[in-house]
Amino acid sequence: RSWSAASIGHYRPMSDAHVMFLAGGHAFAIASCAVGAIHDNLKLQPVADVKSWFLGIAAVDGQLVPVTDLAGFLGLGKAAGRTLSISNEMGPGALRVDEVLGVDENPSKLEDARLPTTLLPVAEFFSHALSSETGKHWVLDLPRLLQSDQFINIGADA
């Protein structure tokens with residue numbers, strides 16, 4: 001099954017629950033309905049001539065899934081931990097992160113949060129910040145990320 005802008009555009013969180021995680025020294029969150037599973041030691045098949053942040057392809061529940069190093073993509077170094085697979089409703093894909101902190105069922109939105117300077121170059125991928133038991137987390141706008149040319153164009157630079 002492939003994902004399209006039309007199917008992603010209709011993505012709406014069904015609850016306030018978010019998966020909280022760390023990547024590249026920053027705390028992030030994704031709506032829990034967008035996460036299909038959390039994997040440890042997901043076996044990857046490397047792909048030639050791709051950007052360094054594109055880690056390869058993995059078999060997840062009988063489906064081939066592209067895996068991206070989220071910290072690498074955001075310009076924050078290299079993630080080395082667990083992998084969040086995207087829910088089937090959004091299409092195949094997975095994000096490597098450093099650590100999954102857990103799920104917060106009802107985090108509160110921070111109205112006056114300012115994006116850290118290191119995230120300003122990729123500010124378009126964050127919608128707001130949430131306060132949770134584990135601290136302040138920047139909410140990843142997953143539909144925007146998955147539709148962006150910057151994310152889709154994985155070919156190595158010439």
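Phe28 stands opposite Trp138 in β11. The model is predicted, so local features need pLDDT of at least 70, side-chain atom pairs count only at pLDDT 80 or more, and totals for chains, interfaces and linings use all residues. Residues are numbered from 1 along each chain as its sequence is written, and side-chain values use heavy atoms, with hydrogens and water left out. Strands here are DSSP runs (E, at least two residues), numbered from the N terminus.

**Burial of β2**
- Six of the six residues of strand β2 (residues 26-31) are buried, so the strand is largely enclosed by the rest of the structure; buried means under 20% relative accessible area with a 1.4 Å probe, protein chains only.
- On one side of β2 the buried residues are His26, Phe28 and Ile30, and on the other Ala27, Ala29 and Ala31, which leaves both faces covered.

**Partners of β2**
- Two strands pair if DSSP finds at least two bridges between them.
- Strand β1 (residues 18-23) runs antiparallel to β2 and is joined to it by six bridges.
- Within that pair, Phe21 stands opposite Phe28.
- Two residues lie between the strands of the β1 and β2 hairpin, where Gly24 takes a positive phi near 60°.
- Strand β11 (residues 135-140) pairs with β2 in the parallel sense, over two bridges.

**The whole sheet**
- The six strands form an open sheet in the order β8-β1-β2-β11-β10-β9, with mixed pairing.
- β8 (99-104) and β9 (108-110) are the edge strands, each pairing on one side only.

How values were computed: Buried < 20%, exposed > 50% of the residue type's maximum accessible area, 1.4 Å probe, protein only. Helix = DSSP H or I, 4+ residues; strand = E, 2+ residues; numbered from the N terminus.
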